[in-house]
Amino acid sequence: MQFDMASIAPGDRYKLLTGVVVPRPIAWVTTLNPDGSVNAAPYSFYGAMGSDPPIVAFGPGNRDRVTAKDTAANVRREREFVVNLVTGDLADAMNVTATDFPHGEEELGHAGLTTVPSANVRTPRIAESPVHLECRELMTLEVGRNRVVLGEVVTIHVRDDLMQDASRFYVNSGALGALGRMGGRGGYVRTTDLIEIPRIPLEVWRARQREEQAPDASTSDQTVQ
C-alpha cells in the first residue's frame, strides 16, 4: 500500500513511521532540572550521526505545539545531557521513567535507580546502566512540532566486562543486551540474535561475478556433432 504522508493526520504518520523504522535504539536521557534534581526519560527517536566529531541526536518532541518537554528544556538551559544504555534487565525501570510524573518527582527514585557522577558534565549517569555517553549540546533544531537535539559526545563509559579489546577500542556489542524499540506502543526487542555478515571488498565481489558469468567448462569442451 502507498501512503501520502501530507494527506494523513500526524498521529497516523507516527504509527506508520514507528512501525517501519525498527528496531530503534533507545536514548535513556538524564538531564538536570532547575532545582538540581535529575530528570530521566527514554527516547527512541535516537541515533549516532557521526564520529568526527562524535555526534548523537535524539528527538524529545514537544508537549504541545510550543511547550518543550522537561528534557529539552533542561538541555537548552544546561547545554548538556547523558545518554544511558537501556538493557533488557532495565526494561521495567526504564518504563517507569517514561511515566509523566508531576514536576518535583524524580523518575529515578520511583524506578529504584541510583546515579553516579559524570566525568566531564554536571549531569549524573544512571548507575545501573552499563554504558553512558556524556554529551554537550551542539544545537537544537525545531521543525514543526519536532525538536531534534544534536549533542557532541565528550566521554563514553563502558563497563569493563563489555570491552572485547580495550586497547583497540572494540566493544562486545552482542554482550550489551541492549533493548530496541518496535512500533510506537509497548513493543520492544532484545538485541541478542547476532548475525555476522562481513563486508565484501570490491575486488572480491568482482571476482565472484566473473566466476558466475564464466561459461561452464564441462559444457564448452563438448564437441558439436
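Setting aside neighbours within four places in sequence, N39 is in contact (heavy atoms within 4.5 Å) with V29, T30, T31, N33, D70, T71, N74 and E107. This is a predicted model, where local features need pLDDT of at least 70 and side-chain atom pairs count only at pLDDT 80 or more, while totals for chains, interfaces and linings use all residues. Residues are numbered from 1 along each chain as its sequence is written, and side-chain values use heavy atoms, with hydrogens and water left out.

N39 is found in strand β3; helices (H or I, at least four residues) and strands (E, at least two) are DSSP runs, numbered from the N terminus. With a relative accessibility of 4%, N39 counts as buried. The cut-offs here are under 20% relative accessible area for buried, over 50% for exposed, and partly exposed in between (1.4 Å probe, protein chains only). The N39 side chain also makes a polar contact with the side chain of E107, at 3.3 Å. A polar contact is a pair of N or O atoms within 3.5 Å; within protein, one must be able to donate a hydrogen and the other to accept it, and residues adjacent in sequence count only if both atoms are side-chain atoms.

Next come the nonpolar cores, meaning sets of buried Ala, Val, Leu, Ile, Met, Phe, Trp, Tyr and Cys residues joined through side-chain atoms within 4.5 Å. The largest one has 19 residues, and V29, Y46, V56, F58, F81, V83 and L133 have the most contacts inside it. At least two residues of this core come from each of β2 (27-32), β3 (38-43), β5, β6, β9 (131-143) and β10 (146-158). β9 gives the most, with three residues. A second, separate core has 15 residues, including L32, A40, L108 and L113.

Strands β13 (residues 179-182) and β14 (residues 187-190) run antiparallel and are joined by four bridges. Two strands pair if DSSP finds at least two bridges between them. G180 stands opposite V189 in β14. The two strands form a hairpin with four residues between them, and G183 in the turn has a positive phi of about 70°.

Some backbone angles stand out. Most residues other than glycine have a negative phi, and most peptide bonds are trans. R79, in the loop between α2 (70-78) and β6 (80-84), has a positive phi of about 65° although it is not a glycine. R79 counts as partly exposed at 43% relative accessibility. F169 also has a positive phi of about 65° without being a glycine, and F169 is exposed, with a relative accessible area of 69%. Cis peptide bonds run from V22 to P23, with omega near -15°, and between D52 and P53, with omega about 5°.

Finally, the largest pocket has a volume of about 1300 Å³. Of the 43 residues lining this pocket, Y14, G59, P60, G61 and K69 are the closest to its centre. α1 gives the most to the lining, with six residues. On a 1 Å grid over the protein atoms alone, a pocket is an open set of points where a 1.4 Å probe fits, with protein on both sides within 12 Å along at least five of seven lines; lining residues have an atom within 4 Å of a point. Grid points are joined across faces, edges and corners, and a volume is the space filled by probe spheres set on the points.
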